[in-house]
Amino acid sequence: MDRRALVRAAGLGVAGLGAAVALPGTALAGPRPAPALVRSGRPGLTHGVQAGDVHGHEATVWARADRPSRLVAEVSRDASFRRSVTVRGPAVSGLTDLTGQWTLRGLPSGTDVHYRIRAVDLHDPRRSGAPVAGRFRTLPRRPDDIRFLWSGDIAGQGWGVNPAYGGFRIADAMIRRDADFFLCSGDNVYADGPVQQSVALPDGSTWTNLVTEEKSKVAETLDEYRGQYKYNLLADNWRRFLATTAQITQWDDHEVTNNWYPGEILDDPAYTEKRVDVLASRAHRAFHEYVPVADISPDPDGRVYRVVHHGPLLDLFVLDMRTHKDPNTANRESGPDDGGVLGERQTRWLIEELRRSRATWKVIANDLPIGLVVPDGTTAQEGVAQGDPGRPLGRERDIARVLTALQESGIRNHVWLTADVHYTAAHHYSPDRAAYQRFDPFWEFVSGPLNAGAFGPNALDGTFGPKAEFVAAAPHANTGPGEGAQFFGEVQIDGPSRELTVTLHDVDGRSLFSRTLAPRRR
């Protein structure tokens, strides 16, 4: 399958996007429906509720039922649902593994929206299961304060759901931050990372994982890829976090297999299916069935890059640096073709949308770091950089083109957020230190992992003049969550001053580093 065929085929499996029902006005007013008649054998929900891609006056909500049924949401400003409206969702079946997501429209600005979803019998609408409640926050119309979190890398390197921590240790600290939304920078699951029931720790104690059939081997079938997402939702505190914090999600390599690229043929005895394009198609389908992603990407081939406008202070540009990615070579190519990580269409889209943006801050979510060298074996390179501090080569060419367009267009106040390398850091890029100088200074902040093996730090490539202003890495390779080397980042934008502050947090929520950036005029 070529790249276009891959994503088109995967797109056919997107979870049922039932016809959205507009909410009346912005007051969310309306009579509460009569209680459903509960009978034995009623349908129910299995893995909590989620919301994602809140934008404009819309949000996408998600749930999974335990049998074919109709999903229905009640929506209210009030957590008690004294005044609510009902929004009919899709009928779900085995075609989407009983998952469904649909759009809520006509939402009010800058407020907490409470919702609860229930499954309704397809043949008797009076029979429904118990509702499961969630909450998300809509974007502000005025320049109000904004707070969001970001990180990535969940249940990797053998570190899975541990009941002793309520699931994922870091989730409790993230819940306490009460963020407007959460940006997951990729590696939402480790489809190539089986877990065992117990892992011996350096201090002699034992880390205990929940284990499922799908998580006991590398994922190859569609059901095994679905099982990766169901596994993460076994974490009680992670379900609570997703139920109360809307998400904006990227995907990267471990949603399919480590360091994959289109057209790759695996040489790995763990896999019976060697064609990565076949695996990626199944993984893409499972991703869209289990993650609430709005249908707002402009890409005709199904890539998930998009811009989420979050009021006058913030535009978030979410990149897809995986689906177009070229093979892992030494990454030293030069020439007129694209660099092999964004692609021509996405590069043009990003530059045009950045020029169109009127938000004070332009935050670019790049699932691969710009200046960190990420080897793939001894000679190949997995990341954007390759360790050559000279002119842009290979995938660096895509980044150089974007950075130069930002400078030439007079676009200021862009900040880059990433994960991927399993430690946390703050990098400042400057043409004064760079081999390539056609760009303005900017910051890139790194965070993660959320619940995976911790590593690092990686070497920096001098092409764009990065300097590590802060680094917190693991004490040894594959440090687990029990030892504390797990991280998430937080971005706060102050409404009155429009200043943006980035804070890097550890597994328990302690602040490790903070930097405040004042907005610059064009």
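Which residues of β24 are buried on one side, and which on the other? The legends below start there, and the model they describe is a predicted one.

**View 1. Strand β24, covered on both faces.** On one side sit L500, V502, L504 and D506, and on the other T501, T503 and H505, all of them buried. In a regular strand, side chains alternate between the two faces of the sheet. With 7 of the 7 residues in 500-506 buried, β24 is largely enclosed by the rest of the structure.

**View 2. The strands that pair with β24, β23 and β25.** Strand β23, residues 487-493, runs antiparallel to β24 and is joined to it by 7 bridges. Look for V491 here: it stands opposite V502 of β24. The β23-β24 hairpin has 6 residues between its strands, and R498 takes a positive phi near 65 degrees in it. Strand β25, residues 511-517, is also antiparallel to β24, with 6 bridges joining the two. In this pairing L500 has L517 of β25 as its bridge partner. The β24-β25 hairpin has 4 residues between the strands, and there G509 is the one with a positive phi, near 90 degrees.

View 3. L504 takes us back to β24, where it is one of the buried residues. As for F445, it is 20 residues away from A425 along the chain, yet their C-alpha atoms are separated by 6.0 Å.

**View 4. Helix α3 and its surroundings.** This helix is mostly covered, with 10 of its 11 residues buried. Among the buried ones are L222, Y225, G227, Q228 and N232. What do the buried residues of α3 pack against? They pack against β2 (45-55), β3 (58-65), α4 (236-244) and α5.

**View 5. Helix α3 against helix α5.** Here residues 222-232 (α3) pack on residues 276-290 (α5) at an angle of about 40 degrees, with the axes 9 Å apart. The two helices are therefore oblique to each other. Their crossing is right-handed. From α3, the contact uses L222, Y225, R226, Y229 and K230, while α5 brings L279, R282, A283, R285, A286, F287, E289 and Y290. Sorted by class, that contact holds 8 nonpolar and 5 charged residues, and no polar ones.

**View 6. Helix α6 alongside helix α7.** The axes of α6 and α7 (residues 396-408) come within 10 Å and cross at roughly 20 degrees. An angle under 35 degrees counts as roughly parallel, so that label goes to α6 and α7. This crossing is right-handed. On the α6 side the contact is made by E344, T347, R348, L350, I351, L354 and R355, and on the α7 side by D398, R401, V402, A405 and L406. The tally for this contact is 6 nonpolar, 1 polar and 5 charged residues.

**View 7. E353 in helix α6.** Not counting residues up to four places away in sequence, E353 touches V307 and F317.

Methods. Residues are numbered from 1 along each chain as its sequence is written. This is a predicted model: local features need pLDDT of at least 70, side-chain atom pairs count only at pLDDT 80 or more; totals for chains, interfaces and linings use all residues. Side-chain values use heavy atoms; hydrogens and water are left out. Buried means under 20% relative accessible area, exposed over 50%, partly exposed in between (1.4 Å probe, protein chains only). Two strands pair if DSSP finds at least two bridges between them. Axes are lines fitted to C-alpha atoms, for helices over the stretch in contact, and angles run from 0 to 180 degrees between N-to-C directions. Angles under 35 degrees count as roughly parallel, over 145 as roughly antiparallel, 65 to 115 as roughly perpendicular and the rest as oblique. A crossing is left-handed if the near helix is turned anticlockwise from the far one by less than a right angle, and right-handed if clockwise. Contact means heavy atoms within 4.5 Å. Ala, Val, Leu, Ile, Met, Phe, Trp, Tyr, Cys and Pro count as nonpolar, Asp, Glu, Lys and Arg as charged, and the others, Gly among them, as polar.
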